[in-house]
Amino acid sequence: MRRFSFLFPALFLLCPHLAGQEAASLSPGVRAFVSIEDPVFAITHATVVDGTGSPALADQTVLVSGGLIQAVGPASTVQIPAGATVMDGTGHTLIPGIVGMHDHIFYPAGPGHYNTLEFSAPRLYLAAGVTTIRTTGGMEPYAEMGLRDAIRDGRIPGPEMHVTSPYLEGPGAFTLQMHELESPEEARRMVAYWADTGVDDFKAYTNITRAQLAAAIDEIHARGMKITGHLCSIGFREAAELGIDNLEHGLVVNTEFFPGKEPDQCPSSRQNRQTLLSMDVDGPEIQETIRILVEAGVAITSTLPVFELSVPGRPPVDQGVLDAMAPSARDSYLTRRATIGASSGSTAGDMLAMEMAFERSFVEAGGLLIAGPDPTGYGGVLPGFGNFRQIELLVEAGFSPLEAIKIATHNGALYLEKLDRIGTLEAGKQADMVLIQGDPTTDISDIRNVVTVFKNGVGYDSAKLFAAVKGTVGVR
Ligand SMILES: [Zn+2]
């Protein structure tokens with residue numbers, strides 16, 4: 001409370017009409033999804049999960065003005081200014097806007113090809129409470145940067161986007177949509193070009209060589225930017241040594257324990273998984289890798305939903321997901337899903353369990369775990385829906401709901417170096433928050449019951465956004 005009375009007048013004077021301006025500058029196409037654009041409003045009697053991992057607080061009032069959270073405190077004590085719109089949040093929970101850290105705008109559209117979903121992906125992310133994304137690799141960088149700018153300017157509804165570079169890939173790319181680097185000098189030139197052209201960060205891919213990655217990291221860090229990698233030709237310890245900032249997917253893609261590992265060569269993922277499954281997360285080798293990553297400050301991105309696709313019978317069929325898909329994408333997904341089991345069998349389930357144990361152990365050792373759904377594989381992991389699933393799977397992995405929400409919000413903002421502005425639900429932060437019916441700290445599946453998504457203090461109707469994309473995922 002003391003914090004509120006101290007902060008409120010200062011912030012109020014500083015940004016009196018930001019939310020009003022934000023709402024005014026929205027195009028009619030965006031405004032169609034806006035349910036709350038009052039410049040000053042309060043949500044009363046809600047449960048608040050602030051994203052720091054602190055326990056949920058019941059019967060809270062959150063006051064928003066000028067696009068900023070002005071106060072969070074007991075409903076009995078937070079003063080609501082005259083003229084403010086008041087909404088009763090009884091039976092609802094507020095969490096910070098989700099910061100999705102492996103949230104592609106593209107989706108598989110047949111073997112080795114990806115369609116950019118500039119229509120459905122931004123709407124689905126926002127509908128699910130995702131207010132910030134890192135795209136973590138793009139096939140059409142100009143489309144992604146254009147989408148980022150259109151969202152920023154209020155022309156398209158969607159999350160704030162951090163656009164990742166085209167993949168920095170070495171020889172042997174699995175899709176023609178990726179460029180194959182031929183030298184370290186070319187890696188440096190590619191980084192410089194895309195940094196100058198306006199991407200926000202970088203991603204290395206599975207066949208990059210150590211020399212190419214070293215050159216890329218040098219150029220990226222010289223520009224004050226960050227690079228993540230879905231690696232295979234380079235093991236985790238080598239990547240940490242080279243100075244990478246973030247590793248995607250976790251243990252499943254770490255090849256450094258594979259007995260036949262050749263330098264700069266990516267072994268078969270099936271064989272590598274056999275090696276990993278013969279090991280123990282608590283054993284000395286994996287624990288030493290965790291220690292090295294934590295010491296080097298390398299973050300790990302959890303992408304459990306895309307791994308779950310290989311496990312027979314998982315995830316539970318979600319009618320909302322099927323309805324969102326274009327008929328061709330739905331047929332392709334269901335046909336492929338029906339074949340899972342015969343080929344991957346129980347190993348995929350074991351690998352998923354091992355990945356979950358690895359992620360828990362990494363966090364227990366002090367590592368920064370961030371999260372995103374990675375809507376790729378053979379389809380079925382969708383923007384937005386996949387973010388719900390990611391949080392549910394973190395809880396299945398053994399994290400508490402409070403920890404899972406922290407990983408999906410606070411930790412992403414921390415990695416992006418935006419924690420001063422987003423990532424938690426606290427006075428002084430941008431009003432990016434999600435109003436959920438129910439209480440995800442007692443039943444994590446309540447995370448799906450999103451009512452309103454606030455971004456910059458403007459409330460979007462989640463159901464309307466979901467309804468708008470029906471039948472489109474996979475095509476546009
Ligand atoms: Zn990905």
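In which loop is the place of Pro315? Pro315 sits in the loop between helix H11 (304-308) and helix H12 (319-324), and the peptide bond that leads from Arg314 to Pro315 is cis, with omega near -10°. The structure that holds this bond is a predicted model, and a reader new to it may wish to begin with the confidence of the prediction.

The protein chain has an average pLDDT of 94, and 94% of the residues score at least 70. Among the elements of the chain, strand E16 (residues 369-371) has the highest mean pLDDT, 99, whereas helix H1 (residues 2-14) has the lowest, 40. The pLDDT is below 50 over residues 1-20, although this stretch has 32 contacts in the model beyond near neighbours in sequence. Where pLDDT is low, the predicted coordinates should not be read in detail.

Strand E10 (residues 130-134) is mostly covered, with five of its five residues buried. Strand E7 (residues 98-100) pairs with E10 in the parallel sense over three bridges, and Gly100 has Ile133 of E10 as its bridge partner. E10 also pairs with strand E11 (residues 160-162), again in the parallel sense and over three bridges, and here the bridge partner of Thr132 is Glu160 in E11. Together with helix H5 (residues 141-152), the strands E10 and E11 make a right-handed β-α-β unit.

Asp264, found in the loop between strand E14 (246-248) and helix H9 (269-277), has a positive phi of about 65° although it is not a glycine. Asn456, in the loop between strand E18 (450-455) and strand E19 (458-461), is likewise not a glycine and has a positive phi of about 55°. Is each of these residues buried or partly exposed? Asp264 is partly exposed, because 17 other C-beta atoms lie within 10 Å, whereas Asn456 counts as buried, because it has 21 C-beta neighbours inside 10 Å.

Note on methods
Residues are numbered from 1 along each chain as its sequence is written. This is a predicted model: local features need pLDDT of at least 70, side-chain atom pairs count only at pLDDT 80 or more; totals for chains, interfaces and linings use all residues. pLDDT is the predictor's confidence in each residue, from 0 to 100. Helices (H or I, at least four residues) and strands (E, at least two) are DSSP runs, numbered from the N terminus. Two residues are in contact if their C-beta atoms, placed from the backbone, lie within 7 Å. A residue is buried if 20 or more other C-beta atoms lie within 10 Å of its own, exposed if 12 or fewer, and partly exposed in between; C-beta atoms are placed from the backbone. Two strands pair if DSSP finds at least two bridges between them. A crossover is right-handed if, with the strands pointing away from the viewer, the path from the first strand over the helix to the second runs clockwise.
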